[in-house]
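Welcome, and please open your viewer. We will go from one selection to the next, with a short note at each stop.

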Amino acid sequence: MLLTSGTGPASGWLRPRRRPSTYALKDGNNTILLDAGSPEAVMDVIEIFGRPKCALISHAHADHWSGLNVLRWKGLKVYSHEDTFAHPYFKEIVDAPFDLELNAIEYFKPINVCGFEVVAFPLKHSIPTAGFLINGKVAYLLDTKGLPEETFKYLKGRVEYIIVDSALPEGVKGPHNSFKEAVDLSLDLEVKKAFLVHLLPMIDMDEVLDYAESKGLDAVIPYDGHTYKV
Ligand SMILES: [Zn+2]
Ligand SMILES: [Zn+2]
């Protein structure tokens, strides 16, 4: 099961309320966090799925890790690429991890993380960023604008569900996918279903969903607190 606990960008949304990037997967008794961008969203994960023992962190921007503070004194294994742990934006955690255990993972090498099979790969953002494929079928692709070729080749035809950066309205430049790029990427990867997330608050959700439907993509813009079978 996927819990979309925080579906917003760094600014969040006021209405409907969307908190920064915080997602969780539950499989049996195992719960894993996919980013932890909001303390409150992490608290909801704990209440709905139980306390996660592991977290995958994509990159060092604070809207993807500040919720780690909730588990700083309770124990959590944190996994990311070594470039994230070395980045100045992540220094606060590295300098004082308390009960967080930091584990660097290499790209394209499968590892077991709290009972989930995880493969990390590089994304394309303004700072070094890792994406993750979990249990061979769910891919976490944020923050990113497009994909490096090796990552695209690895995922194409393999991944079933993607949680994908769809931040930007058309015509706005930045190190994120426009929502149209996110839809087109989902089609190119031949996914079963796309979760379009991290949208900036000025985006019209109907316009996004109409575009996805016109292209024949099964897409959803999830709300905070919703769960999905994946
Ligand atoms: Zn972000
Ligand atoms: Zn970012």
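Which residues of helix 5 (residues 179–189) are buried? Select F179, A182, V183, L185, S186 and L189: these are the buried ones. Here, buried means that 20 or more other C-beta atoms, placed from the backbone, lie within 10 Å of the residue's own. Helices are DSSP runs of H or I with at least four residues, strands are runs of E with at least two, and both are numbered from the N terminus.

Before moving on, note that this model is predicted, so local features need pLDDT of at least 70 and side-chain atom pairs 80 or more, while totals for chains, interfaces and linings use all residues. Residues count from 1 along each chain as its sequence is written, and chains are lettered from A and ligands numbered from 1 in the order written.

Now show helix 6 (205–214). The contact with helix 5 is made by F179, K180 and V183 on helix 5 and V208, Y211 and A212 on helix 6; contact means C-beta atoms, placed from the backbone, within 7 Å.

Strand 8 (residues 116–122) and strand 9 (residues 130–134) run antiparallel, joined by five bridges. Select F121 and you will find its bridge partner, G131, in strand 9.

Technical notes
A residue is buried if 20 or more other C-beta atoms lie within 10 Å of its own, exposed if 12 or fewer, and partly exposed in between; C-beta atoms are placed from the backbone. Two residues are in contact if their C-beta atoms, placed from the backbone, lie within 7 Å. Two strands pair if DSSP finds at least two bridges between them.
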